[in-house]
Amino acid sequence: MKSVTIKDVAKAAGVSYSTVSRALSGSPEISEDTRDRVLQVCKEMHYTANTVARSMVMKSTKLLGLILTGINNPFMAELAYHIDRQARARGYNIILCNSSRDLEQEREIFELMIGRQVDGVILFPSAPESYDSLRPYLPRLPTVFVGENLREAQESYVSVDNFRGTYMGVEYLYQLGHRDILYFGRRRGSTTHQLRCDGYAAACEDLGLTPQYCNSTFSSTSIKYGYQLAKQLFAQERRFTAIFAASDTNALGIMGAAEECGIHIPDDLSLIGFDNISYGGLPRIELTTVEQPMKMLASVAVDSLLEKVQNDLAGYTHRILTPTLIERASCRPVQPPPSV
């Protein structure tokens, strides 16, 4: 099928080529009636603008790249939704890609974004090594990172305060009477998860608790991996009354394993997660969790990126957002042991 051009629209509408161009760009040089008539003809003829040609003139594609480490991660999928909405509200569209936590794939995708001439990129770094991998390309494309894997880099990023989130979660369990709290899902290769683990350890030290860990051998968090790790954990003698899961997906896996093992939450075991994904609030789950403010994360990430894009800023900003404890039904009070 032959593509409809501006000249075709101009002929059908009985106006000049430049009038169609002005109607499409929203120029005040033509009347409102003329603009409406031209746009109606465009709609009837299914005209689509040549965005490549327009970007060459406007020096902007109105496209933003979004690079995730895993679209199958419920937290990232929900955050991507909010980023897309925030970008569209500001007149931009999103190109979404998945790095699969592979540094080479991440670098190739970043090169693709440069080739596609996106105006900027929002990126979830695959690992702390992402900065060194992408360093040669960063001066060529405005970039904002999400998460704290590049905490020490002089690049813009936005993140929730992961250290504070786990600290407040341990405090909450302590106030419920828990003195034996296990941290579930500690893993290497992620500054974000290391900060969560550090917050747990700091809270235990301040409250006089003995830290307990269930280390993960997996490179990422998921319901499946949480389930597999919890099955191994529950096969051992239980020396804890509460679990702090490194993520909500881990917590959901724990719930599945607990049910199979005849462990009732919260009667036998209190459970708290981190992220506040939508699944956590469903009936029969009702997971207590530390919330990452996804809508605010998305808004700050998009606004930070567009500030760099529109003002050609060479500097960087670090934005750390405050987490919130969401109380549901997966934790219950217990009688603390008597003081010695």
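Arg164 is partly exposed, with a relative accessible area of 33%, where partly exposed lies between buried (under 20%) and exposed (over 50%), using a 1.4 Å probe and protein chains only. Its side chain meets that of Glu171 in a salt bridge at 3.8 Å, N to O; such a bridge is a side-chain nitrogen of Lys or Arg within 4 Å of a carboxyl oxygen of Asp or Glu. Glu171 is partly exposed as well, at 26%.

This is a predicted model, in which local features need pLDDT of at least 70 and side-chain atom pairs count only at pLDDT 80 or more, while totals for chains, interfaces and linings use all residues. Residues are numbered from 1 along each chain as its sequence is written, and side-chain values use heavy atoms, with hydrogens and water left out.

**Further salt bridges**

- Salt bridges that share partners join Glu104, Arg107 and Glu111 into one network, and a search of the whole structure finds eleven salt bridges.
- Arg90 and Asp303 form a salt bridge through their side chains at 2.6 Å, N to O. This pair links distant parts of the chain, 213 residues apart: Arg90 is in the loop between H5 and strand E2 (93–98), and Asp303 is in helix H12 (residues 294–311). Helices (H or I, at least four residues) and strands (E, at least two) are DSSP runs numbered from the N terminus.
- Arg90 has a relative accessible area of 28% and is partly exposed; Asp303, at 36%, is also partly exposed.
- Glu29 and Arg22 meet through their side chains in a salt bridge of 3.0 Å, N to O. Glu29 is exposed at 61%, whereas Arg22 is partly exposed at 30%.

**Overall architecture**

- The protein has twelve helices and twelve strands, and its C-alpha atoms fill a box of roughly 90 × 40 × 35 Å along the principal axes.
- Of the 340 residues, 49% are buried.
- Of the contacts between residues at least 6 apart in sequence, 71% join residues at least 24 apart; contact means heavy atoms within 4.5 Å.

**The six-stranded sheet**

- An open sheet of mixed pairing has the strand order E7-E6-E8-E9-E10-E12, where two strands pair if DSSP finds at least two bridges between them. Its edge strands, E7 (212–215) and E12 (324–326), each pair on one side only.
- Strand E10 (residues 288–291) runs antiparallel to E12, and three bridges join them; Val290 has Leu325 as its bridge partner in E12.
- Helix H9 (residues 191–207) lies across E6 (181–186), E7 and E9 (270–275), at about 170 degrees to E6. Axes are lines fitted to C-alpha atoms, for helices over the stretch in contact, and angles run from 0 to 180 degrees between N-to-C directions.
- Helix H10 (residues 223–234) lies across E6, E7 and strand E8 (242–245), at about 135 degrees to E6.

**Individual buried positions**

- Thr288, found in strand E10, counts as buried because its relative accessibility is 0%. Leaving aside neighbours within four places in sequence, its contacts include Tyr172, Leu271, Gly273, Leu325 and Cys331.
- Phe75 lies in helix H5 (residues 74–89) and is buried, with a relative accessible area of 10%. Beyond neighbours within four places in sequence, Phe75 is in contact with Asp275, Ile277, Gln292, Met294 and Leu297.
- Phe75 and Arg90 are 15 residues apart in sequence and 23 Å apart in space, C-alpha to C-alpha.
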